[in-house]
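Biologist: Could you take me through the place where the ligand sits? I'd like a close look at that one part, and at whatever it is built on.

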Amino acid sequence: MVDDLFEKELQERRIFKNISILSPHYVPVELPHRENEIRDLTRIVATVLRNEKPNNVFIYGKTGTGKTVSVKYVLKKLEEFVQNPKKNSNKVIVRVVYMNCKIRNSKYQILLKILESETLNTKELKSTPLSNRSDKGLKGMDPADLYERLLKVIQDNGLNIIVVLDEIDMITKGMNDVVYLLTRINDEINSGSLSIIGLSNDIRFKKRLDPRSKSTLCEEERLFRPYNAMELKSILKQRVAAGFQKRTIDDSAISRIAAFAAQDGDARYALKLLQKAGEIAQDSGRERVDDGDVGEAKNAVEKDIMAEAISTLPEHQQIVMYSIAALASQGGIYKRLSRVRNGDLFSGEVYEAYESNCNSLNRSPRTMRQFSDYLNELEMLGMITLRASGKGVRGTTRLIRLGYPPREIKSIIRDSLGLGSTTS
Ligand SMILES: Nc1ncnc2c1ncn2[C@@H]1O[C@H](COP(=O)(O)OP(=O)(O)OP(=O)(O)O)[C@@H](O)[C@H]1O
Ligand SMILES: [Mg+2]
């Protein structure tokens, strides 16, 4: 038994040298193909070293284009710089607070996160948010009190705070309020500053800001382009060099990963494929990752991505997806109609299945109209495709086609909704 364990462990190290290098949290020493973006960001935030407020920055770009990693990279360098007494000749006090707005999605949460952050509660500061022993801490305070506390800490210390609001589009309530409030601080203090770096992969996000917040947040605005296949290849090679054993992956396999990921220009997807392909080769006891492993990795990763996307859908959309998958796996009731491509479903029949699934789940079905909106949203997420049905089939009926294998979708949703296998 013990022998086997060690044997397995040794085998595992045949492919990977250091698997943590492939993790999404790892910040590489260099970021190929983001040199210009990094220089540019450095120039913007370097203003703080003259004790001036850096412009706020809004960075947008598709998923996996290196927004988060580039910002973290530059701010880490900034922190290192100011911590070095030889370099920081102006003795500027800079604090970086990073947060993801998927988790911190309200004004209150965001203020709390800033005040509670470790970097704002260090001994070197004259006053800190949590040092006020006379009160019960920050928990019971409302946003107005938190704001006052932040103001005081900045003022007392001449603090320059850079707040990173990653996935800023995920702020659910009072987005304009947050931007307005945080930047207003600068008008009320005579020493220190607060600036914002907002990141988003939602191109429509800017439209949701009112003109004032927009011009405030977007003092600087940058677009991160998707990576092309060549760029992805060098990003991959960097990770292979650090994370894989020597000569354990074919060059053609790396090219294949880069080509797949170049469809969306997504480095995260490329790295996921790389890791998965390595694991597949390793699990089958081979010493080298080849093209075949990459193909297999693609299927596996797509399934994971789909499972995650489906399980985060609101309940009724999951029921709609389930109904589509259940009908699709029967081949479609209307298969016999020659007009309809095999596998296409009528929206009417899906609505009926949805109603009946809601009933068996003890949920009240939403109206046809809402159902129709759900279909549009599912299409936007790339889970289904919709076509208007040809004339003469049925009035406003639409034809629905599933983007993924129905059996897998059914099993994912069954788990996610806690369904038994009795529901049709
Ligand atoms: N130029 C690069 N060099 C090396 N690794 C990179 C580069 N760009 C991105 N990566 C890696 O790709 C992954 C995705 O990058 P990142 O998280 O920065 O994307 P993002 O633009 O923030 O995406 P999202 O909008 O989904 O949050 C991370 O693991 C990151 O380390
Ligand atoms: Mg990101």
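Modeller: Here's a walk through the ligand site, then the domains and cores around it. Bear in mind that this is a predicted model.

Let's start with the domains. The chain is split into domain 1 (35-224), domain 2 (229-310) and domain 3 (313-417). Ligand 1 lies between domain 1 and domain 2, because both of them give residues to its shell. That shell has 19 residues, and Thr63, Gly66, Lys67, Thr68 and Asn201 come nearest to the ligand. Two helices, H3 and H10 (267-283), each put in at least two of the shell residues.

What about the two domains themselves? Their centres, taken over C-alpha atoms, are 35 Å apart. Where they meet, five residues of domain 1 are in contact with six of domain 2. On the domain 1 side of that meeting, you get four polar residues, one charged and no nonpolar.

Now for the core. The largest nonpolar core has 46 residues, and the members touching the most others are Val71, Ile114, Ile162, Val163 and Ile197. Helix H3 (residues 67-83) gives this core its largest share, six residues. Zoom in on Ile197 and, leaving aside neighbours within four places in sequence, you'll find it in contact with Val57, Ile59, Val71, Ile162 and Val164. Another core, of 28 residues, lies apart from the largest one, and includes Ile310, Val320, Ala328 and Ile409.

Definitions and conventions: Residues are numbered from 1 along each chain as its sequence is written. Chains are lettered from A and ligands numbered from 1 in the order in which they are written. This is a predicted model: local features need pLDDT of at least 70, side-chain atom pairs count only at pLDDT 80 or more; totals for chains, interfaces and linings use all residues. A nonpolar core is a set of buried Ala, Val, Leu, Ile, Met, Phe, Trp, Tyr and Cys residues joined through C-beta atoms within 7 Å. A residue is buried if 20 or more other C-beta atoms lie within 10 Å of its own, exposed if 12 or fewer, and partly exposed in between; C-beta atoms are placed from the backbone. Helices (H or I, at least four residues) and strands (E, at least two) are DSSP runs, numbered from the N terminus. Two residues are in contact if their C-beta atoms, placed from the backbone, lie within 7 Å. Domain bounds come from an automatic or database domain assignment. Ala, Val, Leu, Ile, Met, Phe, Trp, Tyr, Cys and Pro count as nonpolar, Asp, Glu, Lys and Arg as charged, and the others, Gly among them, as polar. A residue is near a molecule or strand if its C-beta atom, placed from the backbone, lies within 6 Å of it.
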